[in-house]
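Thanks for coming. I will take a few minutes to walk through one structure, so please have a look at it first.

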Amino acid sequence: QVQLVESGGGLVQAGGSLRLSCAASRSAISTNAMDWYRQAPGKQRDLVAGVSSGGSTNYADSVKGRFTISKDNAKNTVYLQMNNLKPEDTGVYYCHTTITWPAGPKHYWGQGTQVTVSS
């Protein structure tokens, strides 16, 4: 099993910055792709950024140039640096990974951390 614990959310004014952290309970981060998803009120959960096991990154168009995903394999932690935040970035941010076990793939989610951007 893998546990993911997010932290770093909060209330910030538009134009401000936050850094989210996702700590994994085991060395899942070095061998698996890790993602950050966002769920705004009344909307579906959407992919914001991802980092592969090899370190390649991808971003949603809406956050390109403002958000940076990174990971520290030694600390089993993934980060999401969010700059120039906008009110539309408000939502619950979830850390996610998929691990393939002998019985098949399984998705793991953190409990989420709230980010609120005021205008």
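Some ground rules. This is a predicted model, in which local features need pLDDT of at least 70 and side-chain atom pairs count only at pLDDT 80 or more, while totals for chains, interfaces and linings use all residues. Residues are numbered from 1 along each chain as its sequence is written, and side-chain values use heavy atoms, with hydrogens and water left out.

Start with the disulfide. In general, a disulfide is a covalent bond between the sulfur atoms of two cysteines. The working cut-off here is a pair of cysteine sulfur atoms within 2.5 Å. Searching the whole structure turns up one. It joins C22 to C95, with 2.1 Å from S to S. C22 sits in strand β3, residues 18–24, and C95 in strand β9, residues 91–101, so this pair links distant parts of the chain, 73 residues apart. On strands: these are DSSP runs of E, at least two residues long, and helices are runs of H or I of at least four, with numbering from the N terminus. The torsion about the S-S bond of C22 and C95 is about -80°, so the disulfide is left-handed. Both C22 and C95 are buried. Buried means under 20% relative accessible area, exposed means over 50%, and partly exposed is in between, using a 1.4 Å probe and protein chains only.

Next, the salt bridges. I count a salt bridge when a side-chain nitrogen of Lys or Arg lies within 4 Å of a carboxyl oxygen of Asp or Glu. The whole structure has three.

Two of them involve D89. With R38, the closest N and O atoms of D89 are 3.0 Å apart. D89 lies in the loop between β8 (77–82) and β9, and R38 in strand β4 (residues 34–39), so the pair ties together parts that are 51 residues apart in sequence. With R66, the closest N and O atoms of D89 are 2.7 Å apart. That pair also links distant parts of the chain, 23 residues apart, with R66 in the loop between β6 (57–59) and β7 (67–72). Taken together, R38, R66 and D89 are linked in a network of salt bridges.

The remaining salt bridge is between the side chains of D61 and K64, at 3.1 Å from N to O. Here D61 counts as exposed, at 64% relative accessibility.

Now the core. A nonpolar core is a set of buried Ala, Val, Leu, Ile, Met, Phe, Trp, Tyr and Cys residues joined through side-chain atoms within 4.5 Å. The largest one has 26 residues, and W36, L80, M82 and Y93 touch the most other members. Strands β3, β4, β5, β7, β8, β9 and β11 (113–118) each supply at least two residues of this core. The most come from β3, which gives four.

On to the largest pocket. It holds about 160 Å³ of space. Its lining consists of R38, A40, K43, Q44, D46, L47, V48, A60, S62, E88 and T90. Which strand gives the most to this lining? Strand β5, residues 45–51, does, with three residues. By type, the lining divides into four nonpolar, three polar and four charged residues.

The terms need spelling out. On a 1 Å grid over the protein atoms alone, a pocket is an open set of points where a 1.4 Å probe fits, with protein on both sides within 12 Å along at least five of seven lines, and lining residues have an atom within 4 Å of a point. Grid points are joined across faces, edges and corners, and the volume is the space filled by probe spheres set on the points. Ala, Val, Leu, Ile, Met, Phe, Trp, Tyr, Cys and Pro count as nonpolar, Asp, Glu, Lys and Arg as charged, and the others, Gly among them, as polar.

Last, some single residues. N76, in the loop between β7 and β8, has a positive phi near 50° without being a glycine. N84, in the loop between β8 and β9, has a positive phi of about 50°. N76 counts as buried at 18% relative accessibility, and N84 as partly exposed at 42%.

Finally, T113 in strand β11 is 107 residues from E6 in sequence and 6.0 Å from E6 in space, C-alpha to C-alpha.
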